Amino acid sequence: MSRLFKFLPHPDYAMKFSFSVVYAILASVAVNFFYEPGKIYSSGITGIAQIISTLSEAWFDVYLPVSLALLLLNVPLFLVGWFKIGHKFTIFTGITVLLTSLFMQIMPTEVLTTDPIICAIFGGAVMGAGIGYALKNGLSSGGLDFVSIAIRKKTGKTIGSISIIFNFFILLAAGMLFGWQYALYSALAIFVSGKVTDAVFTKQKKMQVTIITQHPDQVIHAIQNSLRRGITIIHEAEGAFRHDKQTVLLTVVTRFELPILRQAMREADEKAFVSIADNVQILGRFYEEEL
């Protein structure tokens, strides 16, 4: 996609705008095609906007569109993103929220099915794919994503798991106000959305890599030329079978960087033994790109 925008004055901004459009379309499809027909409440601020929209019509006989409620609820949370995450990230998230509100308003509600289980599964999958896609490309869907990212930076927990905790309170509200069956179906949608988000947003998943090689200098050079990662060297390791001398290298990468690591290993030492431990937790310093 970068080739498509490289001739524009600000190709990076053009790409991010295109990512915002993709997320806005996916989120609008999830809400208008699945959540609304199935009476499913979404995760995060979108779910809160749905609850406010429903209550405004039921209690005050005033129709407040979900799109407008979503936009208004995001305004104070932009301050969290501006001061805790990053200015450029917050600006593009604001653009994403505006586009999402616009598409939710102009996209017609299509009743593909009213089966709440089907709506919960497919709506959650589409919404999770949109959130993960946005985060993967340095954007956010806004709302509780700001809070989730700030907490992830402090605790190391995944975005999906943090969102599930926050959304538990949305389920309680939906259950008490509209019936517990809607809360249960919405819980299924939120669970699916969180898992799909984690599957798509692979930059948050850390993996410990242990490399046993006879050519440590070549491997270190190849990895550090490809990735911004520190490497710990353990000299004088010995193989139990042939008693040959080896060097052990330890590093941590993200799942997103794993294909780059594999390519570096193919170039540096194809015969090296590489062991990868999935989903490790980091307590010390670990470089992450700024959003």
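Biologist: Which residues does Asn32 touch, not counting residues up to four places away in sequence?

Modeller: Asn32 lies in helix H2; helices (H or I, at least four residues) and strands (E, at least two) are DSSP runs, numbered from the N terminus. A contact means heavy atoms within 4.5 Å. With residues up to four places away in sequence set aside, Asn32 touches Pro37, Phe103, Met104, Met107, Pro108, Thr109 and Glu110.

Biologist: What is left out of the side-chain values?

Modeller: This is a predicted model, in which local features need pLDDT of at least 70, side-chain atom pairs count only at pLDDT 80 or more, and totals for chains, interfaces and linings use all residues. Residues are numbered from 1 along each chain as its sequence is written, and side-chain values use heavy atoms, leaving out hydrogens and water.

Biologist: Is Asn32 buried or exposed?

Modeller: Buried means under 20% relative accessible area, exposed over 50%, and partly exposed in between (1.4 Å probe, protein chains only). Asn32 has 5% relative accessibility, so Asn32 counts as buried.

Biologist: How many of the residues in the chain are buried, as a percentage?

Modeller: The chain holds eleven helices and four strands. Of its 291 residues, the buried share is 47%.

Biologist: Which elements does the aromatic pair of Phe19 and Tyr133 tie together?

Modeller: Rings of Phe, Tyr and Trp (its six-membered ring) pair if their centres lie within 6.5 Å; planes under 30 degrees apart count as stacked, over 60 as edge-to-face and the rest as tilted. By this rule there are three aromatic pairs. Phe19 and Tyr133 form an edge-to-face pair, with 5.7 Å centre to centre and 85° between the planes. The pair ties together parts that are 114 residues apart in sequence, because its two residues lie in helix H2 and helix H6 (residues 116–136).

Biologist: What does Tyr133 touch, not counting residues up to four places away in sequence?

Modeller: Phe19 is buried at 8% relative accessible area, whereas Tyr133, at 22%, counts as partly exposed. Tyr133 and Val22 are 111 residues apart in sequence and 8.5 Å apart in space, C-alpha to C-alpha. Leaving out residues up to four places away in sequence, Tyr133 touches Phe19, Val22 and Val200.

Biologist: What is the angle between the planes of Phe168 and Phe169?

Modeller: Phe168 is partly exposed at 45% relative accessibility, and Phe169 is exposed at 54%. The two form an edge-to-face aromatic pair at 5.8 Å centre to centre, and the angle between the planes is 75°.

Biologist: Why do the buried residues of helix H11 lie on the same side?

Modeller: In H11 (residues 258–268), the buried residues are Leu258, Leu261, Ala264, Met265 and Ala268. The arc is that of the directions from the helix axis to the C-beta atoms. These residues are on the same side of H11 because they cover an arc of only 120°.

Biologist: Which strands are included in what covers the buried residues of H11?

Modeller: The cover includes helix H10 (216–226). It also includes the strands S1 (206–213), S3 (245–254) and S4 (273–277).

Biologist: Where is Asp61?

Modeller: Phi of Asp61 is near 55°, a positive value in a residue other than glycine. Asp61 is exposed, with 69% relative accessible area. Its place is in the loop between H3 and H4.

Biologist: Where is His243 found?

Modeller: His243 is another non-glycine residue with a positive phi, near 55°. At 51% relative accessibility, His243 counts as exposed. His243 is found in the loop between strand S2 (232–238) and S3.
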